[in-house]
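Subject: Structure for you to look at

Hello,

Here is the structure I promised to pass on. Please open it alongside these notes.

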Amino acid sequence: MVSRRNFLIGGAALPFLSYLELADTAFAATPKDILVVAQQLDNMTSLDPHEGFEAVGGEMISNMYQKLVRANNDNPDQVVPVVAASWEADAESKVFTFKLADQTFSSGAAVTAEDVAFSLQRAIKMNKSPAFIINQFGFTADNVEARIVAKDAKTVTLTTEKPTSISFLLFCLSANIGAIVEKKVVMANAVNNDLGNAWLQKNSAGSGAFMLQAWKASESISLQLNPHGPYKGNLKRVIVRHVVDPSSQLLMLQKGDVDIARDLTSEQLRAAQNDKDITLIQKQIASLVLISLNQSNPNLAKPQVWKAVKWALDYEGMQKNIIPLSHVVHQSMEPSGFPGTVKDLPYKRDVEKAKALMAEAGLKDGFEITLDHYAAQPYPDLAQAIQANLGEIGIRVKLQSAENRQVLTKMRGRQHEMALSAWGTDYFDPNSNAEVFCINKDNSENAKNKPFAWRSSFKDDALAAKAEAARDEKDPAKRIALYEALQRDFMENSPFAVMFQTTKTAACRVGVEGFRLGVLSEGNTYLETKKA
Amino acid sequence: MTSAFRNWALSETPSSRRQAAWGNRYRAWLNFKGNPLGMIGLTIIAIFVLMAILAPLLATHNPATQELGNRLAAPSAAHWLGTDELGRDVYTRILYGARVTLGMVIAVVVLVAPLGLAIGCIAGYFGGIVDTILMRITDIFLAFPRLVLALAFVAALKPGVESAVLAIALTAWPPYARMARAETLTVRGSDFIAAYRLTGASSWRIIFRHIAPLCTPSLIVRVTLDMSSIIITAASLGFLGMGAQPPSPEWGAMIATAKRFIFEQWWVPMIPAVAILLVSLAFNFLGDALRDVLDPKGN
Amino acid sequence: MKNRLKSFSAMLSSVILTLFGLTVLTFLIGRVMPVDPVIAAVGDNAPEDVILRVRAEMGLDQPIPVQFLHYLSQLLHGDFGMSVLTKNPVATDIARFFPATFELATAALLLATLVGIPLGVWAAVRQGSFTDQAIRVLCLAGHSVPVFMLSMISLLIFYSALGIAPGPGRQDIIYDGMIPTVTGLMSVDTLLAGDLDAFRDALAHMAQPVIILAYFSMAYIARMTRAFMIDALKGEYVITARAKGLSGLKVVWSHAFPTVAVQLITVLALTYAGLLEGAVVTETVFSWPGIGQYLTTSLMNADMNPVIGSTLLVGLIYVGLNLLADILYRLLDPRVQ
C-alpha cells in the first residue's frame with residue numbers, strides 16, 4: 001500500500017515538476033525595449049497632474065507631462081527651460097511674460113499658449129491639494145482667466161497679486177501643478193464640469209517622454225513611448241511593477257526579472273553594493289527625519305528642553321549603525337540640494353550639556369513622555385535608539401508605533417506629545433519648508449491654515465516675520481542670505497530636532513543607464529534612460 | 001512513596017470515589033508517558049517555561065541594553081546567539097521573550113476556549129431561537145476577516161500586548177463555538193443524554209457536566225493547532241505596529257523586525273523563528289498526545 | 001414542500017442578517033479607526049481648506065447614523081461606492097482582485113485536500129507507528145513557521161539560488177497586456193487565449209504560493225482527518241466489515257472514510273475561508289494582486305468602501321460555505337436529526 005501510493009504520488013508529481021522546469025527556460029531577461037521597474041506603488045492615488053500630491057504619482061506625472069520650466073538637479077539655483085523658451089518680468093515684478101518653445105503633445109498637436117493658459121487655469125479652478133503652490137500668487141477661480149492669458153499662439157502672461165520674486169514664481173511653476181495638458185483632449189473627456197479630472201486620473205494628455213498605457217492599482221503602471229515627445233533612447237515601454245517587499249525587489253533585480261529596484265533599504269543595499277551586476281544611483285532627496293515636540297505639553301514647551309533633546313541625540317551613531325546607506329545626518333529644516341541650504345551640524349551627542357540644560361529647565365529628575373513613530377523600518381530602530389539616548393538625560397520615553405497615516409492623523413489632531421516622523425518638501429523653493437515650519441499665525445484649534453508648526457502648537461511671530469521677508473525678497477542673492485539666517489535661527493530656537501535627510505537609491509542592472517533621481521520625486525526621470 | 005501511590009492508585013477495587021479518580025488520572029499519565037512525541041513536547045515546553053521563569057538568572061546581558069557599534073554580530077562567546085539590529089544580546093532577549101510570548105498564548109487560550117465551548121454547547125443543546133441568535137453572532141465574527149477585526153480593535157485601543165491578546169481572542173473564539181456546536185448536535189439526541197434528562201438533571205448540568213466534556217477532545221486538537229497560529233497572529237500584529245511594543249522582546253516582533261536581515265545576517269530572524277517553531281511544535285505534540293489520553297469516547 | 005420552503009426562507013433571512021451584521025460592524029470599524037480617510041484622498045501634506053472641502057464632499061462631516069443610512073441605501077442599489085485609493089468603483093476593483101485570490105486559495109485547498117486527507121487516513125490506519133509520527137512531524141512543522149518566513153525562504157532557495165521557480169507576480173513581464181481578461185483566473189484565461197506558454201508560465205508562478213499555502217493548511221486537514229478516522233475505525237460497522245473479511249484498504253476507504261467525510265466538510269469549509277483571507281502575507285511576499293492586499297491597503301488608509309465591499313464578499317462566501325456544510329451535514333449524517 002505504502003509503496004504503491006508513493007509511486008502514484010511521485011508519478012503524478014514528476015511530469016508536473018518537469019513541466020515547470022520547461023517553463024523555466026522561457027524565463028529570459030526582460031526584453032530590450034521594455035524597462036521593468038520594481039517599486040512600491042500603494043500610496044498612489046491620482047495621475048491627474050493637477051491633483052496628484054504624493055511622491056510616486058508625482059514621479060509618474062513628471063514622466064508624462066512637461067512644465068514651463070523644470071528644476072535643475074545638478075544646480076539648484078537655476079531652472080531649466082522646457083515648454084517656456086524665455087521669460088521676463090515687468091518693472092513692478094507683477095506681470096510675467098513667457099515665450100514658448102516648440103513642444104508636441106502625444107496626440108501630435110503642438111503645445112500652444114492656449115494649452116498653457118488652460119492648464120494653469122484648470123489647476124486653480126479644480127483647487128485640489130497641490131493648488132496652493134500657485135494660488136499663493138493671488139490666483140482664484142474667479143480671477144484666473146483674467147490673470148493668466150494667452151496673448152498669441154506662443155506667448156502667455158501671468159499677473160500676480162503682489163510684486164513677486166521671479167525665482168520664487170519659477171520654482172513654483174516647476175512643480176507638477178504647473179504641468180501642461182492638452183486642452184482639446186482633456187475637455188473632450190470632461191463629465192459633469194470636472195474639467196476632465198476623472199478621465200485624467202487614469203489617462204494622460206501631455207507632452208512628456210511617455211504616455212500612460214495602463215494603471216492597475218496594486219499591480220503595475222505601464223508607460224508607453226510618446227512618439228512625438230522628447231525621448232531619444234531605445235525604450236518603447238516602461239513597466240513599473242508593484243513589489244511591496246524590498247527583499248523581493250532585490251531578488252528580482254539579481255535574477256534579471258526587473259531592471260531597476262527602487263525601494264531597497266540599508267540591508268538590501270549592503271548586499272547590492274557587492275554585486276558587480278548592479279550599479280547604484282544615489283541622490284539626497286527632500287525628505288527629512290525629525291522629532292517634533294508638542295508645545296501644548298508644559299515640559300516640552302521649555303526652550304531648554306528643546307536644546308537638551310537636541311544635545312542628547314547620538315546622530316552619528318544612529319546614522320552609522322542603523323541607516324548608513326539610506327540617510328545622512330542633517331540638521332537644517334531645508335534639505336540639501338535646495339537653493340541656500342545650510343549644511344552646518346551644530347549638534348552632536350553631549351550628555352553632560354544636555355543634563356545641564358535639563359537642570360536649568362528645572363527638570364533634573366526628568367519626566368515621562370510618549371513618542372509616536374511610524375511602524376515601518378527604520379523608524380522603530382531609530383525610535384529605540386532615541387529612547388535610549390533620552391533615557392540618559394532622564395526623559396523616560398514610551399514608544400508608540402503605528403502605521404504612518406495613523407501617526408499623521410494624530411499629529412494633525414495635535415494629539416501627540418513627541419513624534420518621530422518624516423517631512424517631504426512640496427515644491428522646489430526654500431519657502432516650501434520655511435512656510436510650514438515657521439509661519440504659524442493662528443494657533444487656535446480652528447485655524448484656517450494648519451502648517452506643520454501648528455500641529456505641534458509652535459508659534460513664533462519673529463520667526464514667521466523673517467520667513468515672510470525671505471520669501472518676498474526680490475534680489476535672488478539676498479533672498480538666499482535671508483534663508484540661511486532663518487535656518488540657523490530655526491536650528492537654535494525651535495522645538496523640532498531635524499536629524500537626518502533621506503538618500504534615495506535606485507539599484508540598476510548593468511546595462512541600464514541614464515536613470516536620474518531628483519531632489520523631489522518629480523525630478524525622477526526616465527528621459528535619458530537607455531538599456532543595452 | 002511512589003510505589004505506594006502507584007499501588008493505591010492502580011488498585012483494582014478502589015475503596016473511594018477519590019481513589020478511582022486518581023486511578024484514572026494515573027493510568028492516563030502512564031498512557032501519556034508511552035507517547036514519545038508527547039514526552040518530547042512536554043519536555044520542550046517545560047524547558048521554555050523554566051527559561052521564562054528563570055530568565056533573570058540565566059540571562060547574560062540586560063535585554064534592553066543597546067550597543068549600536070556591535071550590531072548584528074554573529075554568535076560568539078560574548079553573545080551566544082549574536083546581537084540584534086540595535087546590538088542587544090539575542091540569547092537574553094529570547095529568554096525574556098519567552099515570558100511575553102508564552103504569556104500571550106496562554107492568556108488567549110484561557111479567554112477563548114471556555115467561551116467558545118460554552119457558546120457552542122449552549123447553542124447546540126437548546127437549538128431553536130437560542131441557537132439562531134448565538135450562531136448568527138458567531139457567523140458574523142467568523143465571517144469577518146480576522147486581521148481586519150484584530151487591527152481595528154487594537155487601533156481603537158492602545159497598541160500593546162494586552163490589546164493584542166484581546167484582539168486575537170476576539171477573532172479566535174468563533175471556530176471553537178462552531179466546533180462545539182457540531183459536536184453537541186451529534187450527541188444531543190443520543191440515548192445517554194435522554195437518560196440524564198429523564199433523571200431530571202437540569203439543562204445546564206447536562207451541558208456542562210456531560211456534553212462539554214464530550215467536546216473537549218476536538219477542542220484540544222483545535223487549541224493545540226491554534227497555539228502556533230496565535231503566536232503567528234501576534235507576530236503579524238507586531239509587524240503592523242499593533243502588537244507588542246518595542247523594546248519588548250516578543251518573538252514574533254523579533255522576527256518581524258529582523259526579517260530584513262535574512263540575506264546577510266540570517267541568524268537574527270532565524271533564532272526567534274526556531275524558538276517559535278520549537279514551542280509550537282512542542283505544543284502540537286503535547287496536545288496531540290493528550291488527545292489520545294483524554295478522549296472519553298476512545299476509553 | 002411547504003417545510004422546505006420554510007427552511008429556505010429561514011436560511012435566506014439568516015444570511016441576510018449575517019451580512020447586515022457584517023456591514024454594521026465594518027462601518028463602525030471605519031469610524032473608530034484612528035486614521036483620517038481624507039488624508040488618503042488628498043495626500044499627506046494637503047492644506048487645511050482642501051481637507052475640509054473633501055471631507056464635506058465625502059459626506060464625512062455628517063453624523064454617523066446619517067452616513068450609515070446613506071451608505072446602506074447606496075448598497076441596496078447595488079452600489080459599493082468608489083475607492084479613494086484606486087479611483088475605481090469598488091465593484092470593478094473586486095472583480096479584478098478577487099479572481100487572483102480565488103485562484104490561489106482554490107488551488108491551495110485542492111492540493112491540501114488531496115495530500116492532507118490521504119496522509120491523515122494513512123496516519124490513522126498506522127496509528128502510533130513510525131509512519132504516523134513522521135506524518136505528524138511533517139504536518140505540524142508546516143503549521144509552526146510563520147508563512148512569511150516560509151515564503152521568503154522558498155523564494156531564496158527555489159527562485160534565487162536554484163532558479164527553478166519564477167519570481168513574484170502572476171505572470172512573466174513578456175505576457176503583460178497580452179492575455180485578454182475573461183475570468184480573471186490567469187490559468188483559465190491563458191488557456192482560453194490558446195497560449196500554452198503563457199499557461200505554463202501562469203502555473204509556474206502559482207506553484208510557490210500555492211504549495212506554501214497548501215502546506216500551511218494541510219496540517220489542520222490531516223490532523224482532523226486522523227482524529228476523525230481513529231474514531232471511525234473503532235466503529236461497529238468497521239469492525240463488522242472487517243469481520244466479514246473485507247480487505248484493509250476497502251474497509252478504510254469505503255466503510256470508515258464516508259462516515260468522517262461529513263465532518264471533514266466543515267473542516268474544509270473552515271480551511272477554505274481561512275485561506276481566502278489568510279493569503280494576505282503570501283500575497284505581499286509574492287506581489288500577488290489579490291483581495292487580501294486590497295483589503296489591508298485600504299484599511300490602513302481608512303478607505304472604507306473597499307474594506308466593507310471586500311469584507312462583505314469574504315463574509316458572503318464564508319456564510320455560503322457554512323450553509324453548504326450545514327446542509328450536507330444534516331442530509332448525510334444520520335445521527336443529526
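Two notes on conventions. This is a predicted model, in which local features need pLDDT of at least 70, side-chain atom pairs count only at pLDDT 80 or more, and totals for chains, interfaces and linings use all residues. Residues are numbered from 1 along each chain as its sequence is written, while chains are lettered from A and ligands numbered from 1 in the order in which they are written.

Chain B overall

The C-alpha atoms of chain B fill a box of roughly 75 × 55 × 25 Å along the principal axes. Chain B has 299 residues, and 53% of them count as buried. Buried means 20 or more other C-beta atoms within 10 Å of the residue's own; exposed means 12 or fewer, and partly exposed lies in between, with C-beta atoms placed from the backbone. Two residues are in contact if their C-beta atoms, placed from the backbone, lie within 7 Å. Among contacts in chain B with a separation of 6 or more, 67% join residues 24 or more positions apart.

Chain B against chain A

Here 18 residues of chain B meet 21 residues of chain A. The chain B side divides into nine nonpolar, five polar and four charged residues. Nonpolar covers Ala, Val, Leu, Ile, Met, Phe, Trp, Tyr, Cys and Pro; charged covers Asp, Glu, Lys and Arg; the others, Gly among them, are polar.

The core

A nonpolar core is a set of buried Ala, Val, Leu, Ile, Met, Phe, Trp, Tyr and Cys residues joined through C-beta atoms within 7 Å. The largest has 353 residues, and Ile168(B) is one of those with the most contacts inside it. Helix α9 (residues 196-233) of chain C gives the most to this core, with 24 residues. Leaving out residues up to four places away in sequence, Ile168(B) touches Val108(B), Ala150(B), Ile230(B), Thr233(B) and Ala234(B).

Domains of chain C

Domain 1 spans 2-76 and domain 2 spans 90-332; the bounds come from an automatic or database domain assignment. Their C-alpha centres lie 31 Å apart. The contact takes 14 residues from domain 1 and 12 residues from domain 2. On the domain 1 side, α1(C) gives the most, with nine residues.

Best wishes

Notes. Helices (H or I, at least four residues) and strands (E, at least two) are DSSP runs, numbered from the N terminus.
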